[in-house]
Every structure is written in C-alpha cells, then in structure tokens.
Amino acid sequence: MTAAMQMPRVEECVVASCAYNHTGDCHAFAITIGSPDHAHCHTFVQLPVRAGVAELTAQVGACQRADCRHNEQLECHAPAIRVGPDNDLADCITYAER
C-alpha cells in the first residue's frame, strides 16, 4: 500500500476555471482521476470562489483508470501529474495507456 506522503502531487493544473486552481496549481487536499472513457479530474468544480487549502499542493488520492501505465491497483505511481484540458475541461494529461 502507498502511504499518503508518497502519493504523486499535482505538479501543474492549467484549468483556471476550477475553484481549486489558484495560480496554475491545485489546492484540493487530494483529487480523483478517471471516467470510463477518459482520465477526467473528478475533483474539478467550476465556481466563482477559490477553494482548498492555500498551503497544500494536491495529491492524487485515487485513479480509476486501471488501463493507465502509472496505475497499480487503482493507485497512481507516476512521479507527479499534470491536469489540463484534453477530452474534457479537466483531465490528467499524464495518463498513458498501457
């Protein structure tokens, strides 16, 4: 099992419309990635307020994309991830099919 301290960080998020994005970085405690058809960031929320904890950088709490080469037992093992627009408003750009 991967310890919370070892979970990959969200290195960059370029989805400025997300409430957790302050200045190109994510301040949610943890994010969840995955949808049946693409690597959507399920933590994305579009609101006119800023959310999260300013002192924190988000980590990947769960990844539902078992077909990603960084995924092992639904845990992300990439060194870090990037979030940005791809198939949706907010997707894991680090996702790579096995």
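Q: Is Q73 buried or exposed?
A: This is a predicted model, in which local features need pLDDT of at least 70, side-chain atom pairs count only at pLDDT 80 or more, and totals for chains, interfaces and linings use all residues. Residues are numbered from 1 along each chain as its sequence is written, and side-chain values use heavy atoms, with hydrogens and water left out. Relative accessible area (1.4 Å probe, protein chains only) under 20% means buried, over 50% exposed, and anything in between partly exposed. Q73 has a relative accessibility of 74%, so its class is exposed.

Q: Where in the chain is Q73 found?
A: Q73 is not a glycine, yet its phi is positive, about 55 degrees. Strands are DSSP runs (E, at least two residues) and helices likewise (H or I, at least four), numbered from the N terminus. By that numbering, Q73 is in the loop between strand 4 (71-72) and strand 5 (75-76).

Q: What is the phi of L74?
A: L74 lies in the loop between strand 4 and strand 5. At 42% relative accessibility, L74 is partly exposed. L74 is a residue other than glycine with a positive phi, near 65 degrees.

Q: In what order do the elements of the protein chain run from the N terminus?
A: The protein chain has 0 helices and 7 strands. Read from the N terminus, the order is β-β-β-β-β-β-β.

Q: What is the radius of gyration of the protein chain?
A: Along the principal axes, the C-alpha atoms fill a box of roughly 35 × 30 × 15 Å. The radius of gyration is taken over C-alpha atoms, and the globule rule is 2.2 Å times the number of residues to the power 0.38. With 7 strands and 0 helices, the protein chain is as compact as a globular protein of its length, because the rule gives 13 Å for 98 residues and the radius of gyration is close to that, at 12 Å.

Q: How many salt bridges does a search of the whole structure find?
A: Lys and Arg count as positive, Asp and Glu as negative, with His and the chain ends not counted; each charge is placed at NZ of Lys, CZ of Arg, CG of Asp or CD of Glu. On this basis there are 6 positive and 12 negative side chains, and the centres of the two sets lie 2 Å apart. A salt bridge needs a side-chain nitrogen of Lys or Arg within 4 Å of a carboxyl oxygen of Asp or Glu. The number found in the whole structure is 2.

Q: How many residues apart in sequence are the parts that E12 and R82 tie together?
A: The side chains of E12 and R82 form a salt bridge, 2.7 Å from N to O. E12 is in strand 1 (residues 9-13) and R82 in strand 6 (residues 80-84), so the parts tied together are separated in sequence by 70 residues.

Q: How far apart in space are the C-alpha atoms of R65 and D37?
A: Contact means heavy atoms within 4.5 Å. Not counting residues up to four places away in sequence, R65 touches I33, G34, S35, P36, D37, H38, A39, N71 and Y95. R65 and D37 are 28 residues apart in sequence, and their C-alpha separation is 9.1 Å.

Q: Which residues does D86 touch, not counting residues up to four places away in sequence?
A: D86 is in the loop between strand 6 and strand 7 (91-92). D86 is exposed, with a relative accessible area of 55%. Its contacts beyond four places in sequence are D91 and I93.
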